[in-house]
Amino acid sequence: MSTQRTTVLTAERTGSTPPRTATRGAAADAERFVRELYAEHGTALLAYAARRLDNDWHRAQDLVQETAVRAWRRGPSLALSEDGIRPWLFRVLRNLVIDDHRARAVRPHASHQLDDVVVPVADGTDRVLTVQLVREALADLTEQQREILHVVHFRGLTVDHAAGFLGIPPGTVKSRAHNAMRALRRALVARDVLG
């Protein structure tokens, strides 16, 4: 997170009104804080939690929400490192996941009856999260890398057609496409989309 963005996330929380006695302005600041926190870190936090919770997206969402609430409550006392608020968020989320695992280990395992069986329904959540992570990974690439991937993979042009379209030799199209795919793969591995 950039220093400017970090300042926005914490500056609004430095007011004198504590969260418990929020006024309209403080409520708007809190809403903005949480909205920006989710925009900046929500996808990564949710993916992390879901992986640690055996792809239980509902529990993952609950724990991410609890992490956001704790960040909001900490407000101005939230000590930020040079890396921003993200390491703190992941540490809190990791602890919540561990607590969740411990709590489930203590509870007796209930026998499933037919009424308790949950049939998974394709709601598109996985697809939405994957699309978001791929978009973020594409943003890490250079303009030239994004352009070659768009022409070759998204528009589906052959190497010869792409060469004519871009005005470069076919060999250059092949090498740029190869290098762009390698860069995209590295960006996706960094986001734990690929293993």
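**View 1. D100 and R104 both lie in helix α4, four residues apart, or about one turn of the helix.** The model is predicted: local features need pLDDT of at least 70 and side-chain atom pairs count only at pLDDT 80 or more, whereas totals for chains, interfaces and linings use all residues. Residues are numbered from 1 along each chain as its sequence is written, and side-chain values use heavy atoms, with hydrogens and water left out. Helices (H or I, at least four residues) and strands (E, at least two) are DSSP runs, numbered from the N terminus. The side chains of D100 and R104 form a salt bridge of 3.3 Å, N to O. A salt bridge here is a side-chain nitrogen of Lys or Arg within 4 Å of a carboxyl oxygen of Asp or Glu. D100 is buried at 16% relative accessibility, while R104 is partly exposed at 39%. Buried stands for under 20% relative accessible area, exposed for over 50%, and partly exposed for values in between (1.4 Å probe, protein chains only).

**View 2. R59 and D100 are joined by a salt bridge between their side chains.** The N to O distance is 2.7 Å. R59 belongs to helix α3 and D100 to helix α4 (residues 86-106), so the pair ties together parts that are 41 residues apart in sequence. R59 is buried, with a relative accessible area of 17%; D100 is also buried, at 16%. D56, R59, D100 and R104 are linked in a network of salt bridges. In the whole structure, a search finds eight salt bridges. Side chains of opposite charge can pair when their charged atoms come close.

View 3. R70 has a relative accessible area of 36% and is partly exposed. E66 is likewise partly exposed, at 28%.

**View 4. T67 sits in helix α3 (residues 57-74).** T67 has 0% relative accessibility and therefore counts as buried. Leaving aside residues up to four places away in sequence, T67 touches W88, L89, V92, L93 and L96. Contact means heavy atoms within 4.5 Å.

**View 5. T43 is a buried residue of helix α2 (residues 24-52).** Its relative accessible area is 17%. With residues up to four places away in sequence not counted, T43 is in contact with Y38, L129, Q132, L133 and E136.

**View 6. Helix α8 (residues 170-190) has a buried side and exposed residues on the other.** The 21 residues of α8 reach 30 Å from first C-alpha to last, close to the 30 Å expected at 1.5 Å a residue. The expected span is 1.5 Å times one less than the number of residues in the helix. V173, A177, A180, A183, L184, A187 and L188 are buried in α8. These residues cover an arc of only 135° around the axis, which puts them on the same side of α8. The arc is that of the directions from the helix axis to the C-beta atoms. K174, R186 and A190 are exposed on the other side of α8. The cover over the buried residues of α8 includes α5 (125-140), α6 (143-154) and α7 (159-166). After α8 comes D192, whose phi is positive, near 60°.

**View 7. H150 of helix α6 is shown with A177.** H150 is partly exposed, at 40% relative accessibility. H150 and A177 are 27 residues apart in sequence, and their C-alpha atoms are 9.7 Å apart in space. A177 is one of the buried residues of α8.

**View 8. The protein as a whole has eight helices and zero strands.** From the N terminus on, its elements run α-α-α-α-α-α-α-α. Of the 195 residues, 31% count as buried. Among contacts with a separation of 6 or more, residues 24 or more positions apart account for 64%. The protein exposes about 12,900 Å², of which carbon and sulfur atoms supply 53%. Accessible areas come from the Shrake-Rupley method with a 1.4 Å probe; for residues, only the protein chains shown count as cover.
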